[in-house]
Amino acid sequence: MVYLSLIVLIPLSMLFFKASAMGWNDFWGTVSAPRTLAAYRLTFGASFVAGLVNVVFGTLIAWVLARYSFPGKRIVDAFVDFPFALPTAVTGITLATLYSRNGWIGQYLYDWGMPSAYNFFGITLALTFIGLPFVVRTVEPVIQELDGELEDAAVSLGASRWQIFFRVIFPNLIPAIISGFTLAFARAIGEYGSVIFIAGNMPGKTEIAPLLIMTKLEQYDYAGAASIAVVLLIVSLGLLWLAGFIQKYFSKRIGVS
Amino acid sequence: MSSRMESAGVRRTLIGVALLYLGLFIFIPLCAIFVHAFSKGVPAYFRAIQDPNTLAAIKLTLLTALIAVPLNLVFGIAAAWAMVKFDFPGKTLLGILIDIPLSVSPVISGLIFVLLFGAQTALGPWLIEHNIRILFAPPAIILATIFVTFPMVARELIPVMKAQGSDEEQAAMTLGASGFLTFWKVTLPNIKWGLFYGVVLCNARAMGEFGAVSVVSGHIRGQTNTLPLHIEILYNEYNFAAAFAVASILAMLALVTLVLKSGIEYRYREEIKATAKTGHAV
């Protein structure tokens, strides 16, 4: 417990201490400045879109991994965690190189009139990459534990496979999908390393909130950095609390604790 | 069973889409790292890695991991032990504290150490007076890394310990074993795979951490640069081949981590199967 408070509690309380020391007006002034608001909008917007993309593809991948067997499945399964294992700086330079004007993938996207780096698209792309394992790993175990008898019952009552999916299977997956989305969303809000290389980092346009904290720090505006950080911290802790709450609520309702 | 399965066509399409997505999104970037690393030839690759600044970065990264991992290993066991085997006031708080470093932005993790040790704080001037350099020097890098990686071991252990319960420990205690002996002979063998995986994860994160370390490091080449920071500098100097050469070291570390992970999961499943067959608790 001593170790814990030394390493976690004291440093963390400094953040609130610093932000509160500057007074409410200065705090609000920093947090509601146009540049800060633009950074928050970008961070939350891109994280939200990335979370939605991950819900669609993450659920699909979780389904394929949980229900089907195919050659090389174990390798594919291990690769889902790759974005989690790869250091963020490596992710960042790799994605920026791949999706820039001359990159392997970027050259085609640019030709199709879809500039893929140094804008909203690029930021969302990086956030989607890092969020994927969160959705897959939250949804996969739930699919594995689904009660097959419900599906059999639905078949015997004459339901089609699509009806079964949307009426029987999907409702059971919703809590896991929501909590996977929340985890990916929370991770994306704070993400720094994998995004800054592909983001462009133009103030007010392609500057994410964590980068703005970094910029304030380099200008020795410690109080400003702390106030932006406090807002981010509260949002991501709130989200995690929500994810925990959703999981608890639904597991009680379904009756598996 | 067939009633629970889609038609072969749907099945193949779904597998195809999943594989295509993973291929495009994960496999291509992985290949790209190594292709770009060797884009200027094998000799250039090794020149980039043997560069004194790269070697210094490797050394600092190893030192950081060497301090952070054992510390968090000991703490992780203690925290998981406290969370699972005991009831005490503030247990929920402990659980939240364990999760915090994972959920806050790495930039914020670095920021708090700047606020703690910076020249404008209460602690800052005292440190300067006594000529102790923490910020923008290796000590801060190591501290930030400890902060960021410290949930890894505990979070792996808690579910494993919970699943096993404490019956076996209690049995050992009633037979007269001391607390330490019980831990060494009963608890440790039960949690060894979870523990091992936690250490692997913790190490991977310790060596790869970028955001938090970036805030507290002074970015002094050859002195306070870890591998990820060195990659950033090389990349921003348009020295792409060298940046990817250094990145490939970390990518290999990530691959080793994944191989160990799926290996452990496989062993674990086999052990559970064996238990189910013989009816004995392992």
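Q: Which residues touch the most other members of the largest nonpolar core?
A: In this predicted model, the largest nonpolar core holds 149 residues. The residues that touch the most other members of this core are A:I198, B:L111 and B:A247.

Q: Which helix gives the largest share of this core?
A: The core has 149 residues, with A:I198 among those that touch the most other members. Its largest share, 11 residues, comes from residues 120-144 of chain A, that is, from helix α8 of chain A.

Q: Why does this core lie between domain 1 and domain 2 of chain B?
A: Chain B is divided into domain 1 (1-37) and domain 2 (49-278). The core lies between them because residues are given to it by both domain 1 and domain 2 of chain B.

Q: Which residues does A:I198 touch, not counting residues up to four places away in sequence?
A: Two residues count as in contact if their C-beta atoms, placed from the backbone, lie within 7 Å. With residues up to four places away in sequence left out, A:I198 touches A:G92, A:L95, A:A96, A:Y99, A:A117, A:Y118, A:G122, A:I123, A:L125 and A:A126.

Q: How many residues of domain 2 of chain B are in contact with domain 1 of chain B?
A: The C-alpha centres of the two domains of chain B lie 32 Å apart. Five residues of domain 1 take part in the contact. On the side of domain 2, the number of residues in contact is seven.

Q: Which element gives the most to the side of chain B that touches chain A?
A: Chain B has 60 residues in contact with 63 residues of chain A. Elements that give two or more residues to this side of chain B include α1 (8-37), α10 (179-208) and α13 (240-278). The residues of this side divide into 44 nonpolar, 10 polar and six charged. With 16 residues, the element that gives the most is α1(B).

Q: Which residues in α4(B) are buried?
A: Helix α4 of chain B covers residues 91-103 and reaches 19 Å from its first C-alpha to its last, close to the 18 Å expected. A residue is buried if 20 or more other C-beta atoms lie within 10 Å of its own. In α4(B), the buried residues are B:L97, B:I98, B:I100, B:P101 and B:S103.

Conventions. Residues are numbered from 1 along each chain as its sequence is written. Chains are lettered from A and ligands numbered from 1 in the order in which they are written. This is a predicted model: local features need pLDDT of at least 70, side-chain atom pairs count only at pLDDT 80 or more; totals for chains, interfaces and linings use all residues. Helices (H or I, at least four residues) and strands (E, at least two) are DSSP runs, numbered from the N terminus. The expected span of a helix is 1.5 Å times one less than its number of residues. A residue is buried if 20 or more other C-beta atoms lie within 10 Å of its own, exposed if 12 or fewer, and partly exposed in between; C-beta atoms are placed from the backbone. Domain bounds come from an automatic or database domain assignment. Ala, Val, Leu, Ile, Met, Phe, Trp, Tyr, Cys and Pro count as nonpolar, Asp, Glu, Lys and Arg as charged, and the others, Gly among them, as polar. A nonpolar core is a set of buried Ala, Val, Leu, Ile, Met, Phe, Trp, Tyr and Cys residues joined through C-beta atoms within 7 Å.
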